[in-house]
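Let's take a walk through this model together, with the sequence at one hand and the coordinates at the other. Please keep both in view as we go.

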Amino acid sequence: MAVYERTYRGYAGPRADPKTRFLVVARYALQEVFASRLFTGFFVACLLWPLACAVIIYLKYNVEALSILQLDALDLIPIDITFFRWGLMRPQTALAFVLILIVGPALIAPDLRNNALPLYLSRPLNKTDYVLGKLVVLLGLASAVTWVSGLLLFFFQSYLAEGWFADHLHIGRAVFLGSGVWILLLSLWALAVSAWVKWRPWATIAFLGSIFILSAVGQIFKLIYRTWWGSLLVFDDVMMRIWDQLFAVAEPGELPAFWAWAAALAFAAVSIWALYRRIRAYEIVS
């Protein structure tokens with residue numbers, strides 16, 4: 001429109017709250033993710049095991065159902081720390097890893113490859129809004145299959161067993177914090193890799209390969225020097241030690257909890273630093 005005609009009018013409609021603008025990025029990213037029927041089916045399948053665990057909990061306290069199935073309540077799996085940590089959260093965190101592996105590398109890499117960041121950041125969005133919008137997608141998907149499902153089962157068990165909630169409150173706290181740390185670290189690392197590797201297939205390989213390479217180096221260090229310091233590079237060792245502390249389970253001679261938390265914080269800090277180094281409105285090509 002020609003300027004001299006003076007008919008241009010700026011946008012006068014409602015504006016989103018600056019504190020929630022990152023949700024716009026998250027909404028469109030989620031729409032793209034669930035556009036795949038294959039992924040949608042996999043996401044639903046991730047919720048089947050928590051549903052099966054809910055049936056186990058229900059049967060344990062339903063005498064009529066047990067009599068119909070000719071089962072004894074004592075024969076069912078005990079609902080305790082082992083049930084929540086190894087029976088529920090271990091497989092669900094593994095599924096969350098697969099979800100992040102599928103979705104994470106595809107969130108930022110296409111924007112960089114297609115030079116779309118100037119379009120994002122020319123809007124009333126900053127780096128933090130953009131990163132948060134992408135991060136919320138991974139956290140939301142992974143949370144649904146980990147701590148959200150875990151806490152629902154925790155409250156379901158508490159409802160059926162009188163007095164169980166007060167005696168096992170630490171289990172609910174461990175499910176929430178342990179799952180939260182797990183998915184946050186993986187999500188940040190996936191976004192960092194996606195920001196540095198522009199092609200999705202290579203970004204997926206780089207995400208998976210970087211974790212396995214660090215773990216291999218750590219295991220070799222442990223075998224050669226016979227020390228737990230190598231565990232600081234093994235993501236699974238770090239997380240297992242954090243889970244041990246949260247569930248109040250400790251074994252002598254293992255990785256100290258303090259250093260496990262320190263390694264997790266360092267992992268998150270490196271991921272955030274890599275993200276902010278890469279996310280910019282322009283790219284200098286020499």
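Residues are numbered from 1 along each chain as its sequence is written, and side-chain values use heavy atoms, with hydrogens and water left out.

Let's begin with confidence. The chain averages a pLDDT (the predictor's confidence in each residue, from 0 to 100) of 86, and 87% of the residues score at least 70. Helices here are DSSP runs of H or I with at least four residues, numbered from the N terminus. Confidence is highest in helix α2 (residues 37-45), at a mean of 95, and lowest in helix α4 (residues 63-69), at 57. Where pLDDT is low, the predicted coordinates should not be read in detail.

Now turn to the surface. I220, F221, L223, I224, Y225, W229, F258 and W259 form a nonpolar patch with about 930 Å² of accessible area together. Such a patch joins nonpolar side chains (Val, Leu, Ile, Met, Phe, Trp, Tyr) within 5 Å, from residues with over 30% relative accessible area and no salt bridge; areas come from the Shrake-Rupley method with a 1.4 Å probe, and for residues only the protein chains shown count as cover. Helices α12 (200-225) and α14 (257-278) each give two or more residues to the patch, and α12 gives the most, with five.

Aromatic rings come next. The structure holds 20 aromatic pairs, where rings of Phe, Tyr and Trp (its six-membered ring) have centres within 6.5 Å; planes under 30 degrees apart are stacked, over 60 edge-to-face, and the rest tilted. W147 and F176 pair edge-to-face, at 5.0 Å centre to centre and 90° between the planes. Because W147 lies in helix α9 (residues 147-160) and F176 in helix α11 (residues 169-196), this pair ties together parts 29 residues apart in sequence. The pair of F221 and Y225 is tilted, with 4.7 Å between centres and 40° between planes; both residues lie in helix α12, four residues apart, about one turn of the helix. Elsewhere, ring pairs link F83, F84, F154, F155, W164 and F165 into a cluster.

Finally, look at the charged side chains. There are four salt bridges, each a side-chain nitrogen of Lys or Arg within 4 Å of a carboxyl oxygen of Asp or Glu. In one of them, R85 meets D244, with the closest N and O atoms 2.5 Å apart. R85 sits in helix α5 (residues 81-103) and D244 in helix α13 (residues 235-246), 159 residues apart, and both are buried. D236 and R90 form another salt bridge, at 3.3 Å from N to O; D236 lies in α13 and R90 in α5, so this pair ties together parts 146 residues apart.

Key: Predicted model: local features only at pLDDT ≥ 70, side-chain atom pairs only at ≥ 80, totals over all residues. Patch = residues over 30% accessible without salt bridge, like charges linked within 9 Å, V, L, I, M, F, W, Y side chains within 5 Å. Buried < 20%, exposed > 50% of the residue type's maximum accessible area, 1.4 Å probe, protein only.
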